[in-house]
Structure formats: structure tokens, C-alpha cells
Amino acid sequence: MLYAHSKNKAGKLHPVSDHLESVSRIINDFDLKMPWHEEAVLAGQLHDLGKYGDLFQERLRGKAKGIDHWSMGAWLAVTEYKSAAAALAIQGHHIGLQYLNVGYLRDIDPTKLATNHPLQLRLSEADLNILKSRLNADELQIQSPRRTVFGNNLNSGIDKMLDVRMLFSALVDADFLDTEAHFNGDSEGKRYRQRGPELQAERSLEILLEHIERVQAKSNAPQNVIKVRESLLQSCLQAAEKKTGLFTLTAPTGSGKTLAMLAFALKHALRRKLRRVIVVIPYLSIIEQTAEIYCNIFSPHFDDNYVLEHHSLAGLGYETNKEDNEGNTNEELSSERQRRLLSENWDAPLIVTTSVQMLESLFSNRSSACRKLHRLARSVILFDEVQTLPAGLAVPTLAALSHFAHTYGSSVVFSTATQPAFTHLHDSIKSHCIQGWQPKDIVSETVSLFIPMRRTRVIWDDPDKGSSWDELTSRIQKHPQVLCIVNLKKHAKELWENVGDDAFHLSTNLCPVHRRNVLDEVRLRLEKNQPVHLIATQCVEAGVDVDFPVVYRAYAPMDAIIQAAGRCNRHGKNSIPGNVHIFMPEDESYPAGDYKQAALITKMLLKHYGADNMNLDNPEFITGYYKKLYDISKPETAERTKNILESVKAGSFPDIAKEYRLIKQNAISVLVPYQPLMDEFLYLQDEADKKGLTADWIRRARLLAVSLYRPKQDDAVWDSLIPVRVAGRKDREQNDWFIYTSDTPGKDYHPKLGLVPSGTLNIWIG
């Protein structure tokens, strides 16, 4: 008997034949209903063919190491079964997807690998006939797939590379699941993890509509706002009857689109027999808020795992280049453990995640990131606040999503109050995905939603005349309740110091619990009509429910200004429109990237149309702004797009994964000493020292975490950062989590400004 894995806790070895047969069966059970389904099953049957080799059996006995057990299965797939996609998936299930080209596939030839292996490994067996004879001896029935991803044309494109990732996803997920079941097995055999609950779309929709009805009955919003919310909900329910595909949902702030778009998703899933709903949100603060809302709605009725919140601070594990599927997983299946397991492959009916987690997975080459992709087939994917998608990544992103929706029976919804004119890029997208980008509108007459929701008057300062902090302070202090939003953290700090200690400050320099406490105090003062001055960065804009009578906003991209206006007279309680003042700081600086160019286009439109014609509540005007932005910035020829498309043409999965980054700078998470929770900080500090980085530690630490751009090696801030070692390792290798220590924590973690590190300011994330 030849084995695939070492002994489990019951002392049993895992036969190769059982593993290959089980992985292919699990892939078949995924019921992907794709043309290349048989090709995925083939990948499962051949992925560990090399484990039939004598050297791999020696490795299991601890007598050999540095063994390649995957390349022979890949070579058999491409030569005998004419399956390039299966070969790439098999080759990549331990080392990541590599290169989609004839030259790379030829280099898998065992005669070449035996003499010059690129990873300096040894083949478990260099004679393919020996492996085939052992496979046949186990009576495994291998059949050539009738249809494959590439057919007779090995062409590299965004669409075909996504197909390979989907096949790869099915393989690695099935491989992980069966390997895990072996190591969790007992004397009676393998023990598979408990599957996640299935989407109960009809019952969920009933519960959601009942919740919306209760909320509306208690609402003290003006009648015009209530009518807009009712109209939006009905539009979503009607549009849910349509066939799967691409959709846009354009609705003003305060119109209830968070719940309305979920109603669309649930009814759409019910009508089209879709399997899950994925809600994709750019900001952690909105994710936590949205996940809490959904949990409150559904938790009393369903399994605790019905709503899965998955992001970098959710305490559900993290991805690593070193992760593969040979590890032993002997932990007990506690509730938290079960949630982490389900997060690995998104085996849940309702998932709330980040844009980074979702979109970077579509362009990744790693098994840990790609593993969940096959779960997206026949799903509803809701993208909220889509205006945050970097223009430089628009073309490849939209091409991938369009291909995904049209090929895998899913629906993709782009939702925002400021819908980007992505249809303007249709021709460019069409060259990478035959369907291009032509979504259906969920709301046909969007103007009918925006006109009744007019609650503000925008007052534009001369963009060529900058205001000093003293001038701005004088204007702010004339109002008892006012919000002022600036573009940079250093501006927020300088202005707050100028306004005075009684003012509030909000930025991502504050840990989440600190931000929540500030917002709670601000809301309380607003409700009691008490004085409140809040100085903030743009972190206060999208999705944050505050309602000021007056808002000041530094010149910014048009969508940011509209989001800021959404914090003014937000609920329409004041019959008099709120005033939104747009000003230019004397120091006209902007965050890095496309932000400055978009802000300059706002200024250009103001000069062209005049203040009276800047119709920020007219969707057609916003579309015109985005068209102008795309005409000038030309996202289809942006450097990032160019680099990605060149890598696509070359078929380089590693280079695409490296180039496709929503956030270009590498960030770290820092546990900070927030004084009201010092006991928790000290507890986490002690636990980190004793146990290291665990899922439970991350879950608790996220409330006290601040994100920073990874400092340069010579930055003084490193003197205050202690790395948290990964659990189970003795060394404190540099990773993504650190603890901030200081002799004067009250100084470096300010009660109003949050973390003010003694290093340079370029590590602040704005």
C-alpha cells in the first residue's frame, strides 16, 4: 500500500488511491455545472500522482526531503489528456499558479526536471510509466475530459486565466478538505468538517422584509424620505426577477440601500436558484457596521455561521505564501474554529468581506487566496461604494467580473450614490471580455430618488484662494455644531490643534473602539443639541451615520464631496437645507495616487459650469464628471493596467498577482495602548508573549489595532514596535502584527489624536 499522508491522531496512514478518488469525488460534488467540470475532476485524480513514487514514500518515513510530487501528474495531464488548465492547477497546488504558455508546459517534462529542477527538488519518480502502472493497479478510472478550458487554442487572456483560477480553486479546496478529514479522522475513518449552512433565500427574504417594515414603522424621518426608501425597495424587488448578469444600483445617501440591495440579492437568489450572497465593502468600519446589522437580523433565526464576516481583522486566520495542504489540523471544532474553517473557502450563505479580499483573489496565484473562488459561482455579489475602485485597475477588474457573471451564472451589483461611468470603458473592457461592461439599472429613473432627498446647499470657495488654518478655525467656531473634513491626517492634526482641545478628532490613527466612542459622543451631543466640533479625515464619509447642520469639506474628488454632503442634514429633519462649504486649504496637498487628479477635475468643472450649475444630486451630472475623469486619466492605458495586461499577455500568474494590488503600500497592524481599555491591552500583550499570534488573539486585538504603512527599515518608530510571533514558533520574525510600547503611552497614543508615533508621518494611512 502506498500513502499520500502520514499517520493521523488515530495512527492511520492515508492511501494515495483513497485520496485521489476522494478529491475527485469532492470536486464532482461541488456541482459546478461548468463546461470544464470533467477537467477539474481530472485534476483531482492526477494532482498527487507523484506520491506513488518511492522517494515520496521515503519522505513520509522521514528518510527523504526536497521532493517534487506534483509535476508528474501535471505532465501526464498535458501530454496524455491534453489538459493545460488541469496541468497548471496540479503544478500550482503547492507552488502557486505559474505560467500559461507552451514553453513553461514543455519545461514540466520529467527528463528536464530530473536534471535541472528550477526549485532544486528531486522528482519522487522520474519514470512516468512506473507511476501510471501503480495508478492502474489501484483501479482508478481516469477519463479524458470531453471539453477543456483551452480546447486546441492555448490563448492567454483575463477570461481564460480566471477560468484556470476557478478550476484551481475547486482542486485546492477539495484537496484541503480531504487532507483535513484524514488528519481529523479517528478509528472509524476520515472525519470531514461540518459543512456551512445553505442559503435559505425565501425565509431570509421574509425575515428581512419584516425587519424593514418594523424599522420604517418606528422611523421619524420626513415623509419624502420614507417614500424614497419604499420606492427603492420596490425597485430592488422588481429587478430581482431579471436574469443573472451585471447590475447597477444608484441611490442617494439615506435611502436605505444597505437593506434594499440585500432584499434584491435574496429575492434574486430565490428566483434564479443561486447559492450565496457576498457583500463586498471597501472600508473595515462599514464592514463591521453592515455585518452587525445582518447578524442582528438573521442570528435569532439561523445558525451562528449564517453570516460570515471575513477580513484581515476578523480573527479568522490569514493567508500566507508558506501555507499548503499538508499540514496537520488537530484542533477541536469549536464555534470560533468552525467559523475560521468556513472562512477559508467561504462555505457560508451570507458573506461580508473587503474589496481587497474579494478582488485580489480574482487575480491571485496562491492556493489560500484562490481556494474560495469556486464558491462564487451561482452567487449574488454586491459591491458597495464602488466609486472607491481605483481607476488604474478598472479595466482588468471589470473584465474579470463581467466574464465571471456571464460564465458562472452569478450576478454582480455595483451600488453607490455616485455611480462611476464604467460603461464609458465598455470598448476597452470588451477587448478582454467579449461581453464588455453593460449592466442593467435596478432603478430606471434614478433622478426620482435624488430630487426628494435634496437636503443641502453647497457653497464653493474660490479654488484658487487658499484658507489658512486660522481663517478656517474662525469660520468653524461660528457654528455650534459643525463637521470639517480634510484630505490628510497631518491637516486634521494641525486643524484640531488650532481649533482647540474641546474639539473632537476622527481618523484611522484612532483604533476602532476609540473611533466608536468618539462617534457615540458626537451623536449624543448632536441629538441633545449640544455644541460639537468634529475635525476628521475622509474616514468619516462613506457609511458613517452622523447628521450635522453644517459641513466644511476641503476640495476633493467629486464623489468624496458628495459623501461629505451626506453627513449634512442626513436624515432631512431640518426643513432648511444644511450648508456644505467647500474650501481650499492653504497647503493644497492630497493623498498619493489618483486622488489629486480627481480633485483637480472637480475644480475644473467648477470653473467651467459655475457654482450654480454644480448639480451634485443629479446622477447625470455625476456620470459627466466620471466621463471627464476617464477621458483625462485614461484608466485603460494607466501604468498599473498596462503592467497587468502585459503580464496577462505573457500568461504570468505570479506577475499578475504581484501587480494587482488595491492598496499598493504594505500595511502593518499595531496594537495600541488606548487608556480606557488598558487592562485589555495588557492582557493581549501578555497573551502575545505567552502564546503568540492566534485567531482568537486577532479577534480581540482588532478593536485596539491601528494600521500603518510599513515603515522604512531606518524609521525611528521601529524602536516602539514589538513583533508578535506566530503561535507555535519560537522566533519573533517580522510579520503583520506589532505591539506599540512606549515609556509615555499617553503621549504617543493621544486621548484625542490616537497614535502619534515618534517616527515620520509618511507611515500614516490617510
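Seven strands of this predicted model form an open sheet with parallel pairing, in the order S7-S8-S6-S9-S10-S5-S11; strands here are DSSP runs of E with at least two residues, helices are runs of H or I with at least four, and both are numbered from the N terminus. Two strands count as paired if DSSP finds at least two bridges between them. Strand S7 (307–310) and strand S11 (440–441) stand at the edges with a single partner strand each, so one side of each is left without a neighbour in the sheet.

Because the model is predicted, local features need pLDDT of at least 70 and side-chain atom pairs count only at pLDDT 80 or more, while totals for chains, interfaces and linings use all residues. Residues are numbered from 1 along each chain as its sequence is written, and side-chain values use heavy atoms, with hydrogens and water left out.

Strand S10 (residues 411–416) is mostly covered, with six of its six residues buried, where buried means under 20% relative accessible area, exposed over 50% and partly exposed in between (1.4 Å probe, protein chains only). In a regular strand the side chains alternate between the two faces of the sheet. In S10, Ser 411, Val 413 and Ser 415 point one way, and Val 412, Phe 414 and Thr 416 point the other way. Five bridges join S10 in parallel to strand S9 (residues 379–384), and Leu 382 stands opposite Val 413 of S10. Five bridges also join S10 in parallel to S5, where Thr 250 has Thr 416 as its bridge partner. Strand S5 (residues 246–250) is joined to S11 by two bridges, again in parallel, and Thr 248 has Asp 441 of S11 as its bridge partner.

Two helices can be set side by side, with the expected span taken as 1.5 Å times one less than the number of residues.

| Helix | Residues | Distance between end C-alpha atoms | Expected span |
|---|---|---|---|
| H17 | 394–407 (14 residues) | 20 Å | 20 Å |

In H12, 12 of the 16 residues are buried, so this helix is largely enclosed by the rest of the structure; among the buried ones are Leu 259, Met 261, Phe 264 and His 268. H12 is followed by Lys 273, whose phi is positive, near 55°. H17 is mostly covered, with 12 of its 14 residues buried, including Val 395, Leu 398, Leu 401 and Phe 404. Just after H17, Gly 409 takes a positive phi of about 65°.

The largest nonpolar core has 177 residues, of which Phe 383, Leu 534 and Trp 697 touch the most other members; such a core is a set of buried Ala, Val, Leu, Ile, Met, Phe, Trp, Tyr and Cys residues joined through side-chain atoms within 4.5 Å. Helix H9 (residues 158–183) gives the most to this core, with 13 residues. A second, separate core of 52 residues includes Val 279, Ile 287, Ile 297 and Leu 449.

In the protein chain as a whole there are 30 helices and 23 strands. Its radius of gyration, taken over C-alpha atoms, is 27 Å, close to the 27 Å that the globule rule (2.2 Å times the number of residues to the power 0.38) gives for 766 residues, so the chain is as compact as a globular protein of that length. Of the 766 residues, 58% count as buried.
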